[in-house]
Amino acid sequence: MTLFESLFLGLVQGLTEFLPISSSGHLVLFQHLFGISQDVLLFDIAVHIGTLIPVVIIFRDEVVKMIRAPMGRLTLLVIAGTIPTCIIGLLFKKHMEELFTSGRTLGLEFVITGIILWAAESSRRGKKELNSTSWLDAVFVGIMQGIAIIPAISRSGLTIAGSLFRGFDREWAARFSFLLSVPAILGAAVLHTKDLVNEGGLCLQINPLAIAAGAAVAAVSGYVSVKIMMKVLTSGNMRMFSIYLWVLGGLIIIDQFFTHLYF
């Protein structure tokens with residue numbers, strides 16, 4: 001992996017982690033396009049941690065509130081949403097790893113994410129906020145987040161869509177989605193670090209400068225994407241993301257079944 005590739009992939013990770021278009025799907029896509037075949041586990045850990053930084057900065061009041069009140073309503077709702085995500089992730093982690101490597105269902109997954117976003121935008125506008133959100137609501141959103149373990153199924157897209165399906169106010173839907181990303185990203189980083197140790201640190205063949213640069217760019221672009229998504233949810237709609245995903249997914253499917261240039 002060159003320095004340019006790491007900077008570009010860091011940019012992609014940061015922008016697509018919080019925009020509802022799947023960061024993991026785009027990383028798989030561009031690793032295929034760049035022909036990166038070496039183990040990139042350490043790089044993936046670094047850029048995911050990089051995207052965690054803007055969430056903590058932007059939602060620092062909520063993060064501090066959860067730390068100070070571990071049995072508070074917000075904290076318990078995030079825990080309720082995290083539990084099903086953890087269960088799904090642990091049960092299906094091994095099955096998903098092959099999809100990340102092959103990318104054989106990538107196009108279809110992008111298309112499915114677009115359909116879910118479109119359906120969420122077509123649902124009735126809700127008014128639920130923190131105090132009116134039930135434990136069942138949080139668990140449902142957590143299940144949606146767990147489903148996003150599939151490479152090109154967007155985590156932010158499914159959690160926001162799940163929140164809208166459950167009647168959340170749009171701004172609260174975005175906030176809850178981003179707060180749920182904190183334990184999800186940390187948990188994934190811990191699991192990937194465990195894999196890295198078990199593999200004997202093979203990912204260290206990547207230039208440390210490239211890793212640091214990618215993580216830094218992911219943090220900055222992640223900050224921008226959170227701000228964009230908050231604005232989209234409060235004053236716009238997500239159908240433009242659906243159209244983008246359908247076009248991208250369609251092009252990948254054409255390549256997978258006909259041209260075979262990258263897949």
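Author: The model is predicted. We may begin with Thr-85, which lies in helix α5, residues 73-102.

Reader: Is Thr-85 buried or exposed?

Author: A residue counts as buried when its relative accessible area is under 20%. The value for Thr-85 is 13%, so this residue counts as buried.

Reader: Leaving aside its neighbours within four places in sequence, with which residues is Thr-85 in contact?

Author: Contact here means heavy atoms within 4.5 Å. With its neighbours within four places in sequence left aside, Thr-85 is in contact with Gly-142, Gln-145 and Gly-146.

Reader: Is Leu-261 buried or exposed?

Author: Leu-261 lies in the segment after α11 (239-259). Exposed means over 50% relative accessible area. At 63% relative accessibility, Leu-261 therefore counts as exposed.

Reader: What distance separates the C-alpha atoms of Leu-261 and Gly-81?

Author: Along the chain, Leu-261 and Gly-81 are 180 residues apart.

Reader: How many of the twelve residues of α2 are buried?

Author: Helix α2 comprises residues 23-34, and its first and last C-alpha atoms are 16 Å apart, close to the 16 Å expected at 1.5 Å a residue. Its buried residues are Ser-23, Ser-24, Gly-25, His-26, Leu-27, Val-28, Leu-29, Phe-30 and Gln-31. The elements that cover them include α1 (3-18), α3 (41-58), α5, α6 and α11. Helix α2 is largely enclosed by the rest of the structure because the number of its twelve residues that are buried is nine.

Reader: How many residues in the lining of the largest cavity are charged?

Author: There is one cavity of 30 Å³ or more, and the volume of the largest cavity is about 30 Å³. Its lining consists of Ala-120, Glu-121, Ser-123, Arg-124, Arg-125, Gly-126, Leu-164 and Arg-170. Asp, Glu, Lys and Arg count as charged. Beside two nonpolar and two polar residues, the number of charged residues in this lining is four.

Conventions
Residues are numbered from 1 along each chain as its sequence is written. This is a predicted model: local features need pLDDT of at least 70, side-chain atom pairs count only at pLDDT 80 or more; totals for chains, interfaces and linings use all residues. Side-chain values use heavy atoms; hydrogens and water are left out. Helices (H or I, at least four residues) and strands (E, at least two) are DSSP runs, numbered from the N terminus. Buried means under 20% relative accessible area, exposed over 50%, partly exposed in between (1.4 Å probe, protein chains only). On a 1 Å grid over the protein atoms alone, a cavity is a set of points where a 1.4 Å probe fits but cannot get out, and a pocket is an open set with protein on both sides within 12 Å along at least five of seven lines; lining residues have an atom within 4 Å of a point. Grid points are joined across faces, edges and corners, and a volume is the space filled by probe spheres set on the points. The expected span of a helix is 1.5 Å times one less than its number of residues.
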